[in-house]
Amino acid sequence: METITVELNQNSYNIYVGQHLAKNLASDLVDVDKIFVLTDAKINKSQPGYFEQALQSMEHKIHIIAPGESMKSFNSVAEIIEAMTLFAMTRKSLLIAFGGGVIGDLGGFCASIYMRGIRYIQVPTTLLAQIDSSVGGKTGINTEFGKNIVGSFYQPQAVYIDISLLRSLPAREYCSGLGEIIKYGLIEAWLLDYIINNYHEICECDLATMTFLISACCRIKAKIVSEDETETGLRKILNIGHTFGHALEVATGYKCYLHGEAVLLGMYYETLLAKALRVISDDYAEEIFAIIKRTKIDPSLTHLDCKMLPKLMLGDKKNSGGMISFILPIARDRYLERQFPLIEIGEFCANLSQGGGKSG
């Protein structure tokens, strides 16, 4: 088991990366009176009894919700808080978020507001959650106006990344995680080379390869979060592909793309935007296009009226002064924060609607 520390003074915590980690939870359950495990129906079915040994001597409740992005809502929060209250949880109680990004975001948010904040642990089960969303303390829910519009920065007590859980993932969910993996490759070039050179092993979920890769992504994110916990500066680089990607998710009602798929498309089109601005070399742009295409995602947006995307992008949390903010890849290990007026992005997206979204 590898241990990675997110250094945040009094909010510091460890990320543990290994296999079959449920038995290691005991060290983080000291001085806890009750445990509330939040999970979804898919995970509960694929991982029955995962915490049975670790929690058998403790009073606990497993609360199961339906899977899917639509569960990140005020209604779900109300239902979960009610269940926590009926379970008579106190400030000494602890919540375990056992699932993918939806469960992690939703569980963390509920923990942050119940009795003004109780402890929680992330046990991410999807590739995307293991390399990204479970680390850094971002919690939140969606509204009709955008993704994660309501939320808080609230750090977990610990993150347990059990690589063996990946073997039970549906193929599409596993591949969705490649979006965030490639994002980290755009942040650090050596990692992009590793992804390119070990792509077959990654797709086959070779456990040794994935242990190295997930640990590397977590170390990168831990360093960034330690320097900028609340995303006022450096942490913004973690949003490569997300301005466009979040707009795609909202525009399609979270029914067309998984988050990682939307990020893949976001990186594709934000690289096109960098090309249009002539701030990225053709060689580097083609390298990005090539690795994205290896995921087999279809970059065409013929099913969507792209003219609606700029207004949805305006709801992004990183914007200011009515300008739309992007983090654009411009060279290996280099990126550019650039803000655009609505009309300029409108023209870019109108071109996509007319078939102008080809990398060539």
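**Exercise 1. Determine whether R332 is buried, partly exposed or exposed, and describe its salt-bridge partner.**

Solution. Step 1: R332 has a relative accessibility of 30% and therefore counts as partly exposed. The classes are buried (under 20% relative accessible area), exposed (over 50%) and partly exposed in between, with a 1.4 Å probe and protein chains only. The model is a predicted one, in which local features need pLDDT of at least 70 and side-chain atom pairs count only at pLDDT 80 or more, while totals for chains, interfaces and linings use all residues. Residues are numbered from 1 along each chain as its sequence is written, and side-chain values use heavy atoms, with hydrogens and water left out.

Step 1: The side chain of R332 meets that of D193 in a salt bridge, at 2.7 Å from N to O. A salt bridge is defined here as a side-chain nitrogen of Lys or Arg within 4 Å of a carboxyl oxygen of Asp or Glu. R332 sits in the loop between β10 (324-331) and β11 (334-340) and D193 in helix α8 (residues 189-197), so the bridge ties together parts 139 residues apart in sequence. Helices (H or I, at least four residues) and strands (E, at least two) are DSSP runs, numbered from the N terminus.

Step 2: D193 is also partly exposed, at 30% relative accessibility.

**Exercise 2. Identify the buried residues of α8 and the elements against which they pack.**

Solution. Step 1: The buried residues in α8 are A189, L191, L192, Y194 and I195.

Step 1: These buried residues pack against α7, α9 (199-203), α10 (207-227) and α13 (282-293). Contact means heavy atoms within 4.5 Å.

**Exercise 3. Locate E180 and K183 and relate their positions to the geometry of a helix.**

Solution. Step 1: Both E180 and K183 lie in helix α7 (residues 178-187), three residues apart, which is about one turn of the helix. An α-helix has 3.6 residues a turn, so residues three or four places apart point the same way.

Step 1: E180 forms a salt bridge with K183, and the closest N and O atoms are 2.8 Å apart. Both E180 and K183 are buried.

**Exercise 4. Describe the surroundings of T125.**

Solution. Step 1: T125 is found in the loop between β6 (119-124) and α5 (127-133). Its relative accessibility is 2%, and T125 therefore counts as buried.

Step 1: Leaving aside neighbours within four places in sequence, T125 is in contact with I43, F98, G99, G100, Q130, L165, L166 and L169.

Step 2: The C-alpha atoms of T125 and I187, 62 residues apart along the chain, are separated by 24 Å.

**Exercise 5. Summarise the overall architecture of the chain.**

Solution. Step 1: The secondary structure comprises 15 helices and 11 strands. The radius of gyration is 20 Å, close to the 21 Å that the globule rule gives for 360 residues, so the chain is as compact as a globular protein of that length. The radius is taken over C-alpha atoms, and the rule is 2.2 Å times the number of residues to the power 0.38.

Step 1: The C-alpha trace spans about 60 × 40 × 40 Å along its principal axes. Of the 360 residues, 57% count as buried.

Step 2: Among contacts between residues at least 6 apart in sequence, 76% join residues at least 24 apart.
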